[in-house]
Amino acid sequence: MKVSERLFNVAWPIWEEHYKHPFIQDISQGKLAKERFRYYMVQDHKYLMEYAKVFAMGMVKSTNEADMRLYAAFIQDTINTENAVHQHFLKEFGVTQELIDETPMCLNNESYTNYMMSIALKGGPAEIAVAVLACFWSYKCMGDYFKTVPGAFDHPFYGHWCRTYVSDQFVNGNQTVLDMVDRLSEGYSEEQIKNLETILINCSKYEHQFWDMAYTMGDMDYRYDLTNL
């Protein structure tokens with residue numbers, strides 16, 4: 001069994017819960033409140049800028065030119081191509097770069113990106129590839145889910161966002177990372193592979209919490225009584 005197959009098996013139960021989340025359900029049906037999507041877009045833009053830095057660490061720690069070029073291409077794609085989707089919607093909302101810069105990262109967002117960066121600092125190229133994989137792969141699977149929802153791609157506002165994750169560029173990029181993981185982890189011990197599984201599980205849990213954050217617009221008080229802290 002390939003390492004990527006093992007990773008899928010441990011992450012899928014978490015990802016499957018993503019698609020039941022009210023944020024994903026509402027957006028696929030075109031009924032998500034736009035203020036929630038606006039909040040998500042601002043936070044996800046800030047996430048992507050940190051995500052690009054994780055790719056940059058992969059470039060720094062690569063041991064050959066081919067991998068350096070792959071990581072460099074992912075940095076460009078994250079900052080330019082993926083960000084172009086965000087800019088489309090942020091423009092719709094009238095969100096300026098100044099507003100984004102002034103908006104603090106939500107605690108979950110900061111914790112998630114800090115975790116990925118800690119993996120990038122401590123680990124090697126394979127660990128870095130797995131750290132970025134949860135976002136990449138779960139969104140690709142989410143695109144597959146949208147294919148099963150009638151009208152998800154046709155909605156005049158949210159359809160553009162849903163279609164992004166079934167595009168050839170996104171699907172091919174995801175496969176490139178999967179191939180990297182299998183290649184870079186070749187010869188890994190069972191202990192090292194289990195560590196990769198832990199990284200993917202943790203990042204996948206952070207992804208689910210990101211949907212919670214987006215749906216509640218960062219207000220977690222609906223779950224916890226903080227008055228006595």
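This is a predicted model: local features need pLDDT of at least 70, side-chain atom pairs count only at pLDDT 80 or more; totals for chains, interfaces and linings use all residues.
Tyr47 is buried, and Tyr112 is buried as well.

**The aromatic pair**

Tyr47 and Tyr112 form an aromatic pair of the tilted kind. Their ring centres are 5.2 Å apart, and the planes of the rings make an angle of 40°. The pair links distant parts of the chain, since Tyr47 lies in helix H3 and Tyr112 in helix H6 (residues 107-122), 65 residues apart. Across the whole structure, a search finds 37 aromatic pairs.

**Two neighbours of H3**

Helix H3 covers residues 34-61.

| Helix pair | Axes come within | Crossing angle |
|---|---|---|
| H3 and H7 (residues 125-146) | 9 Å | roughly 150° |
| H3 and H10 (residues 190-216) | 8 Å | roughly 135° |

How are H3 and H7 oriented to each other? An angle over 145 degrees counts as roughly antiparallel, and the axes of H3 and H7 cross at roughly 150°, so these two helices are roughly antiparallel to each other. The crossing of H3 and H7 is left-handed.

On the H3 side, the contact with H7 is made by Tyr40, Asp44, Tyr47, Tyr51, Val54, Phe55, Met57, Gly58 and Lys61. On the H7 side, the residues are Pro125, Ile128, Val132, Cys135, Phe136 and Tyr139. By class, 12 residues of this contact are nonpolar, one is polar and two are charged.

H3 and H10 cross at roughly 135°, and they are therefore oblique to each other. Here H3 contributes Arg36, Tyr39, Tyr40, Gln43, Asp44 and Tyr47. These meet Glu207, Phe210, Trp211, Met213, Ala214 and Tyr215 in H10. The contact of H3 with H10 consists of eight nonpolar residues, one polar residue and three charged residues.

His18 is found in helix H1 (residues 3-18). Is His18 buried or exposed? A residue counts as buried under 20% relative accessible area; His18 has 1%, so it is buried.

Leaving aside residues up to four places away in sequence, His18 touches Ile24, Ser138, Ser204, Glu207, His208 and Trp211.

Technical notes. Residues are numbered from 1 along each chain as its sequence is written. Side-chain values use heavy atoms; hydrogens and water are left out. Axes are lines fitted to C-alpha atoms, for helices over the stretch in contact, and angles run from 0 to 180 degrees between N-to-C directions. Helices (H or I, at least four residues) and strands (E, at least two) are DSSP runs, numbered from the N terminus. Angles under 35 degrees count as roughly parallel, over 145 as roughly antiparallel, 65 to 115 as roughly perpendicular and the rest as oblique. A crossing is left-handed if the near helix is turned anticlockwise from the far one by less than a right angle, and right-handed if clockwise. Contact means heavy atoms within 4.5 Å. Ala, Val, Leu, Ile, Met, Phe, Trp, Tyr, Cys and Pro count as nonpolar, Asp, Glu, Lys and Arg as charged, and the others, Gly among them, as polar. Rings of Phe, Tyr and Trp (its six-membered ring) pair if their centres lie within 6.5 Å; planes under 30 degrees apart count as stacked, over 60 as edge-to-face and the rest as tilted. Buried means under 20% relative accessible area, exposed over 50%, partly exposed in between (1.4 Å probe, protein chains only).
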